[in-house]
Amino acid sequence: MDAADHRQLVSLLASDLAWLEDHCRRQPALAREAGQLRLAAALVRNVVGPFLDGGPTAPLHIAVVGGAGAGKSTVVNFLVGSAVAEANPQAGYTRHPTAYLPPNVSSGWSGHLGFLGPLRKLDQPAPGDLDQDVYQVRRVPGAASNPLGDVVIWDCPDMTTWAAGGYVPRLIEVAALADVVVYVASDERYNDEVPTQFLHLLVRAGKAVVVVLTKMPEAQAGRIVEHFQAEVLNRLPKGESGQPATPVLAIPHLPPDQLADPAGKAGVFRIPLINQVMVLADPATARKRTVDHALQYLDTSGGELLDVARQDLAAMDAWRHLVQVSRQQFDERYRTEFLNGEGFRRFDEARDRLLDLLELPGAGRAFAMALFVLRLPYRGLRSLVEKALTRPASVNVGEAQVLESAFRAWMDQLRAEAIRRADSHPLWRHVAAGFNSGLADAAADQFQALLRSYQVSSAEEIEAAARAVTAGLEKSPASLAVLRAGKLALDLVAIALAIWAGGFDWPTIVYVFLFVSAAHQVVELIVRQYVEGKRSAIRSRKMATVSRAVSGPLADWLARWPATGGSAYEKLQGALRRVPDTIAQLRQLADPRLRS
Ligand SMILES: Nc1nc2c(ncn2[C@@H]2O[C@H](COP(=O)(O)OP(=O)(O)OP(=O)(O)O)[C@@H](O)[C@H]2O)c(=O)[nH]1
Ligand SMILES: [Mg+2]
């Protein structure tokens, strides 16, 4: 496998994860999952990709994260050793990441393709509250080199909500990049829900984390650290990351002159922080650990990341199933309410024409007429019996009418089911809302268009099938002659039998009437049977045509409807299939280099 291949894998995985993230972002209830997917994609782009590309393992990246106004920018200043970052009393001031490069730190690490995703590097310095998808890099002036060595220190926007589409993903980008994360929480708000969830996510993602608690009175520092360990860190699911315990430090509330001089007047609080970070930012091992943990996290949480998609797929499957079941009911209704009652009278005419054809033409006409006369009493009797036996034909409702009412029932069923299930998944809510805003009308338009083109072809089809009953014989004089001869033979046999049975006596007349009628009845039965076969064939064909040309395309249209924006269903399925595969392949590519 060469460089191009691993780049392809990295961009495939990143774009699948990005697509899933976008899919979650459209569902407000899945904001947290969207954040999780963003972290996964950013790990792929910012950590795994550059490593497989053979990028340098230095400088290391240290990201400072936490809730709004927690003291992140203040902690950045402690890490850098001078007041470089804008600490601002307005909580939520910092809106895009800023990288601080202490003296002697290498640059040129930002050139990797896909690095920090959509974040654009600013050419000019800008205030920290610039709310755009950007990041800036500031070289720290001064001669003293940083004890942390070759590190980039990132000041980040706050983590206060998962929902924000704007600045939170910027923070997640940098957190994913980081080799060490410094998590900052202030004394009043160290237990806030969303920052805590984010901390848990970072630890589970295998990040090396140092916690800094800020702004408490110095005397309470020990108690608050203990409380934080018990209440926040110990709620982490155990054994998930295989990480050593997360260190927790305190920087108490300091006067402004100490804040302004972190390396001097506040040195007593800075040194323990620097020491803790140095342990984790070991240049020999830190980057490999970052890559290894990123891949491990992707590997083990891949299933969980995809759960959102699985739920959506299950909901879509349920919707598709419902559409198919109700489509079958539509077809069934057409069969019972129209096809089974429809006589297709054109076939009665075809049957009479076929019987006519079997009669002798030309010279034989007189013989045929004679037989016709002989059969008159039987005919009269039969039509009397038929009239007595058959019930008046029920009025058959027109085809279009049946199809239209079956369509309305179909829509009613879908609407009712969507409303019933609206609380179970956003997809059903989406469908239910659709029915309130034009889905039924759009479906009706689809249906009418399908119906029109079906009706045109259907009328022609019946006509052609009815014509085909006799067309074959009319075109083949030889077969017609054989059949006529057969019928003639049957009539002659009937007459012969009558004479044989009655002798040359008066009962023969009665026998002739009877036998000739019976012979004709036999022929009529055969013809009737044949035409009935054709009639039921046209029934099946019409059923198939309605299914293929009307209910099928309409069901497809309906099944696709909730997946707004094209083939979302197929894309979800594709992503579900590919993501675990791609992760495994990247793992295989990275392993030899991680071990070397
Ligand atoms: N007096 C005093 N003020 C502090 C201390 N730590 C932080 N502050 C102040 O608290 C405010 C917020 O601190 P920042 O470091 O800007 O917090 P932040 O987390 O970066 O905030 P955002 O970027 O707005 O989310 C600033 O006005 C700081 O000066 C401290 O120890 N003593
Ligand atoms: Mg700040």
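How much space lies in the largest pocket? In this predicted model, the answer is about 580 Å³. Sorted by class, the pocket lining has 15 nonpolar residues, 12 polar ones and seven that are charged.

In terms of class, the lining of the largest cavity has seven nonpolar, three polar and two charged residues.

Attention now turns to the packing of helices. Two packed helices are described by the angle between their axes and the distance between the axes. Helix α9 (residues 286–337) packs against helix α17 (residues 507–560) at an angle of about 155 degrees, and the two axes are 10 Å apart. Because angles over 145 degrees count as roughly antiparallel, α9 is roughly antiparallel to α17. The crossing of these two helices is right-handed. On the α9 side, the contact is made by W319, R320, V323, Q324, R327, F330, D331, Y334 and R335. Facing them from α17 are K542, M543, V546, S547, V550, S551, G552, A555, L558 and A559. This contact of α9 with α17 has 10 nonpolar, four polar and five charged residues.

Helix α9 also packs with helix α14, which runs over residues 426–436. Here the angle is about 45 degrees and the axes lie 9 Å apart. Why is α9 described as oblique to α14? Angles under 35 degrees count as roughly parallel and those from 65 to 115 as roughly perpendicular, so an angle between those ranges is oblique, and this makes α9 oblique to α14. From α9, the residues A315, M316, A318, W319 and L322 meet L427, W428 and V431 of α14. The class make-up of the contact of α9 with α14 is eight nonpolar residues, with no polar and no charged ones. W319 of α9 takes part in the contact with α17 and is also among the residues that meet α14.

Finally, two details of the backbone are worth a look. Most residues other than glycine have a negative phi, and most peptide bonds are trans. The peptide bond from A58 to P59, however, is cis, with omega near -5 degrees. P59 is found in the loop that runs between α2 (31–52) and β1 (60–66). The second detail concerns L116, a residue other than glycine whose phi is positive, near 60 degrees. L116 sits in the loop between β2 (98–101) and β3 (120–121).

Definitions and conventions. Residues numbered from 1 in each chain as written. Chains lettered and ligands numbered in written order. Predicted model: local features only at pLDDT ≥ 70, side-chain atom pairs only at ≥ 80, totals over all residues. Heavy atoms only, no water. 1 Å grid on protein atoms, 1.4 Å probe; cavity = no way out; pocket = protein on both sides within 12 Å on 5 of 7 lines; lining within 4 Å. Points joined across faces, edges and corners; volume = space filled by probe spheres on them. Nonpolar A, V, L, I, M, F, W, Y, C, P; charged D, E, K, R; others polar. Axes fitted to C-alpha atoms, helices over the stretch in contact; angles between N-to-C directions. Helix = DSSP H or I, 4+ residues; strand = E, 2+ residues; numbered from the N terminus. Left-handed = near helix turned anticlockwise from the far one by under 90°. Contact = heavy atoms within 4.5 Å.
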